[in-house]
Amino acid sequence: MSETNQIDINYLHHVVLREIEDDSLLEIDPNFYRNLSDFIGNLKKQEFDGVESKIKDAMIEMATELTSLLINIRLEKILKSKDLKIGFLLDEEKFILDSQEEEKDRKEMILSATINGKSKFLESLSQNHKTKRVAVRFLQEVDEIVGADLEKYGPFKTEDIATIPYENAQALIAKNAATKVRLED
């Protein structure tokens with residue numbers, strides 16, 4: 001029986017329970033999150049009426065909560081562990097940890113530049129961050145704007161997608177005029 005067929009609410013519950021009961025990071029199938037995603041996606045596609053629809057919705061909610069719990073437990077173990085078995089990390093967990101390592105590096109870079117009097121470096125970093133491009137999807141019409149990089153952008157219609165400077169994107173997101181999107185390679 002393949003791993004995909006084994007994933008159901010009971011199996012997911014069993015994996016979460018095992019992870020909770022053991023202090024060390026447990027070995028999980030490398031495709032676990034992808035198989036779990038398939039399971040939840042297939043469940044969401046199914047159409048039922050009445051009580052069966054309510055049961056399906058409850059199963060989706062339960063699977064979502066168990067998935068969140070599993071990810072949080074595993075990441076907490078990883079961050080607290082002194083003797084981390086890197087082989088037990090799933091690719092998706094490595095992806096999350098990568099961002100945490102990047103955050104740590106950035107903090108150290110800012111601290112170092114600040115205490116070593118590198119104000120020009122900090123000014124350059126700040127300007128680069130304000131003007132780095134971010135992809136957004138517009139939730140309403142927006143007139144032409146002048147970006148933090150002094151370039152003109154727009155006008156935009158609802159559902160348009162554009163890459164604009166970070167500072168401008170944040171302002172539009174705060175006003176609920178746009179939402180950040182990830183453009184996959």
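Buried here means under 20% relative accessible area and exposed over 50%, with partly exposed in between, computed with a 1.4 Å probe on protein chains only. The model is a predicted one, in which local features need pLDDT of at least 70 and side-chain atom pairs count only at pLDDT 80 or more, while totals for chains, interfaces and linings use all residues. Residues are numbered from 1 along each chain as its sequence is written, and side-chain values use heavy atoms, with hydrogens and water left out. The structure holds eight salt bridges, a salt bridge being a side-chain nitrogen of Lys or Arg within 4 Å of a carboxyl oxygen of Asp or Glu.

**Salt bridges within one helix**

- R106 and E102 meet through their side chains in a salt bridge of 3.2 Å, N to O, and because they are four residues apart in helix 5, about one helical turn separates them; helices (H or I, at least four residues) and strands (E, at least two) are DSSP runs, numbered from the N terminus.
- E102 is partly exposed, with a relative accessible area of 40%, and R106 also counts as partly exposed, at 43% relative accessibility.
- K80 pairs with E76 in a salt bridge whose closest N and O atoms are 3.0 Å apart, and both residues lie in helix 4, four residues apart, which is about one turn of the helix.
- K80 counts as exposed because its relative accessibility is 60%, whereas E76, with a relative accessible area of 44%, is partly exposed.

- T67 lies in helix 4 (residues 50-80) and is buried because its relative accessible area is 15%.
- Leaving aside neighbours within four places in sequence, T67 is in contact with L12, L36 and I40, where contact means heavy atoms within 4.5 Å.
- L139 is placed in the loop between strand 1 (133-138) and strand 2 (145-146), and at 37% relative accessibility L139 counts as partly exposed.
- Not counting residues up to four places away in sequence, L139 touches T158, N176, A177, A178 and T179, and the C-alpha atoms of L139 and I161, 22 residues apart in sequence, are 9.7 Å apart in space.
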